[in-house]
Amino acid sequence: GMLRARAAFAGLVAAEPANPALHYWVALSGWRALPLVTETDKEAAKKLCKESIAACDRALAAKPKFSDAIALKAGLQALSLSFNPAATMTLGPEMEEAYGRAEGMEGDNPRVLLLKGINTLHKPAFVGGGPDKARPLFERAIALSAAPTADSTAIDWGRADAHIWAGVCLGRLDQWGAATAEFRK
């Protein structure tokens, strides 16, 4: 289903190639589908990841200060490390810079915090990662996404994701009751 949505957004891009939001939605659909595709076809997943990063690049070419696209590109780069772990040494600092830049532009953007939190959760503790460091980012993303957006056309996703990832953090911290509560939310 997510790949069909991605194809639909790609069709819209063909009609409106200068629209950064459409490129963003293509990339986001790829980000959503990537873990599932990776389970079944690693080569197709690698191609999807590369294409989704390119979609972020097109969104950013049209709108360089698009914090959602900056953070999403960093999130896709993190997923790309499963195909090339050696790239961690170069992509790691690039991703950190991107998350910092996106948060600096829009520190109250719950999707930026969500993506930064996912990255923080998966980083080793010796470089500032782990569930104890990621949990506050998810909690902040949850709090910020609780208020409805005034613009019905605005990018507005991630509430459920933030609860899920907060639950994952709590589970890794052996706080199973609190983790279950987050999953239920």
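## Ground rules

What you're looking at is a predicted model: local features need pLDDT of at least 70, side-chain atom pairs count only at pLDDT 80 or more, and totals for chains, interfaces and linings use all residues. Residues are numbered from 1 along each chain as its sequence is written, and side-chain values use heavy atoms, with hydrogens and water left out.

## Helix α2

Helix α2 covers residues 20–40 (helices are DSSP runs of H or I, at least four residues, numbered from the N terminus). With 21 residues, α2 reaches 30 Å from first C-alpha to last, close to the 30 Å expected at 1.5 Å a residue (the expected span is 1.5 Å times one less than the number of residues). There's a bend of about 45 degrees at Leu34, and a proline, Pro35, follows within four residues. The bend is the angle between axes fitted to the seven residues ending at a residue and the seven starting there.

## Ser29, inside α2

Ser29 is in helix α2 and counts as buried, at 3% relative accessibility (buried is under 20% relative accessible area, exposed over 50%, partly exposed in between, using a 1.4 Å probe and protein chains only). A polar atom of the Ser29 side chain lies 2.8 Å from the backbone oxygen of Trp25.

Leaving aside residues up to four places away in sequence, Ser29 touches Met2, Ala5, Arg6 and Phe9 (contact means heavy atoms within 4.5 Å).

## Salt bridges

The model has 12 salt bridges, each a side-chain nitrogen of Lys or Arg within 4 Å of a carboxyl oxygen of Asp or Glu. One of them pairs Glu97 with Arg101, at 3.0 Å from N to O. Both partners lie in helix α5 (residues 88–105), 4 residues apart, or about one turn. An α-helix has 3.6 residues a turn, so residues three or four places apart point the same way. Glu97 is partly exposed at 42%, and so is Arg101 at 37%.

Arg159 and Asp156 form another, with their closest N and O atoms 2.8 Å apart. Lys185 and Glu182 meet at 3.7 Å, N to O; Lys185 is exposed at 61%, whereas Glu182 is buried at 13%. Elsewhere, salt bridges with shared partners tie Arg6, Lys47 and Glu51 into one network.

How values were computed: Helices (H or I, at least four residues) and strands (E, at least two) are DSSP runs, numbered from the N terminus. A polar contact is a pair of N or O atoms within 3.5 Å; within protein, one must be able to donate a hydrogen and the other to accept it, and residues adjacent in sequence count only if both atoms are side-chain atoms.
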